[in-house]
Amino acid sequence: MRPVLEVQNLGFAYANGPLFQGLSFRLEPGEALAVLGPSGSGKTTLLHLLAGLLPLQEGEVLWEGTPIWGLREEALARRRLRFLGLVFQHHFLLPELTALENVLAPGYLVGRVDRAWAFALLERLGLGARAGFLPQRLSGGERQRVAVARALYPRPRLLLADEPTASLDRRQAREVLALMRALCQEVGAALVLATHDEGLVEGLPALRL
Ligand code: ADP
Ligand code: MG
């Protein structure tokens, strides 16, 4: 099987010095990797490199076998829409849209507006009864689950989650993570999860920065 993501000998430095060097790993569909390290260790930088949002300096990133180095900006952006889902610490839901409409929003970008699929995702995340709610009526954990559903709506091959539970309490954080992992496995998306909180991701293969 062709890996979803392959990273070869990746290195990166800002002006004040190197952050990491020689990182290599690969992820198959449905596999997950935790990126661990304290604040400032380079987790967000690594995820930006994997997403093609920051120019590579050393090494290579391949999306389903295609090296992203050398892809033109438009080609990269077009691929990214279908290949990649992103979840951040902040949910970035649009406040004037319902949960269901937020999940559907990327459908307008990829040209496939499928309400049944959007609703199925919300239901799978335990939010079937909240589909018509505005974000302000949802708890923090519920908002993050909507953000996960939105990221998975275009059926991406890879989900990148950067401290997705850092603003949640322990119980909600565990719930969101468990659902996110299960759903990625069900739809065959690979998952890279960055967190400073090692206790949250026990049992996941880990890369330490
Ligand atoms: P983490 O997500 O693990 O907290 P980051 O990737 O955000 O780590 O940052 C890693 C280090 O790089 C930090 O010391 C940060 O201050 C520095 N850094 C982040 N972005 C930039 C930038 N654009 N220019 C220079 N230094 C940066
Ligand atoms: Mg970070």
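**Ground rules**

I number residues from 1 along each chain as its sequence is written, with chains lettered from A and ligands numbered from 1 in the order in which they are written. The model is predicted, so I take local features only at pLDDT of at least 70 and side-chain atom pairs only at pLDDT 80 or more, while totals for chains, interfaces and linings use all residues, and side-chain values use heavy atoms, with hydrogens and water left out.

**Entry 1: ligand 1**

Which residues sit around ligand 1? I listed Tyr-14, Leu-19, Pro-38, Ser-39, Gly-40, Ser-41, Gly-42, Lys-43, Thr-44 and Thr-45. To get on that list, a residue needs a heavy atom within 4 Å of the ligand.

I sorted the shell by class and got three nonpolar, six polar and one charged residues. For the record, Ala, Val, Leu, Ile, Met, Phe, Trp, Tyr, Cys and Pro go down as nonpolar, Asp, Glu, Lys and Arg as charged, and the others, Gly among them, as polar. Helix H1, residues 43-50, gives the most to this shell, with three residues. Helices (H or I, at least four residues) and strands (E, at least two) are DSSP runs numbered from the N terminus.

Next I looked up polar contacts (a pair of N or O atoms within 3.5 Å; within protein, one must be able to donate a hydrogen and the other to accept it, and residues adjacent in sequence count only if both atoms are side-chain atoms). Lys-43 has a side-chain N or O atom 2.8 Å from an oxygen atom of ligand 1. Ser-41 uses a polar backbone atom, 3.3 Å from a ligand oxygen. Tyr-14 puts a polar side-chain atom 3.3 Å from a nitrogen atom of ligand 1. On its own, ligand 1 has 560 Å² of accessible area, and the protein covers 55% of that. Those areas come from the Shrake-Rupley method with a 1.4 Å probe; for residues, only the protein chains shown count as cover.

I then picked Leu-19 out of the shell. Leu-19 lies in strand E2, and its C-alpha atom is 9.1 Å from that of Gly-40, 21 residues apart along the chain. Is Leu-19 buried or partly exposed? Leu-19 counts as partly exposed because its relative accessible area is 28%; buried means under 20%, exposed over 50%, and partly exposed in between (1.4 Å probe, protein chains only).

**Entry 2: pockets**

Rolling a probe the size of a water molecule over the atoms shows where empty space is left. I used a 1 Å grid over the protein atoms alone; a pocket is an open set of points where a 1.4 Å probe fits, with protein on both sides within 12 Å along at least five of seven lines, and lining residues have an atom within 4 Å of a point. Points are joined across faces, edges and corners, and a volume is the space filled by probe spheres set on them.

The largest pocket comes to about 310 Å³. I found 13 residues lining this pocket, with Leu-81, Leu-84, Gly-85, Leu-86 and Pro-106 nearest its centre. Helix H2 (73-83), strand E6 (84-87), helix H3 (99-110) and helix H5 (140-152) supply at least two lining residues each. H3 has the largest share, four residues. By class, the lining divides into ten nonpolar, one polar and two charged.

The second largest pocket holds about 160 Å³ of space. Its lining includes Trp-69, Glu-73 and Leu-76, and divides into eight nonpolar, two polar and one charged.

Asn-9 is partly exposed, at 44% relative accessibility. Arg-155 also has a positive phi, of about 55°, and sits in the loop between H5 and strand E7 (158-162). Arg-155 is partly exposed too, at 45%.

Leu-23, in strand E2 (residues 17-27), is buried at 9%. From Leu-23 to Ala-149 I have 126 residues in sequence and 30 Å in space, C-alpha to C-alpha. Pro-67 is in strand E5, residues 66-67, and is partly exposed at 36%.
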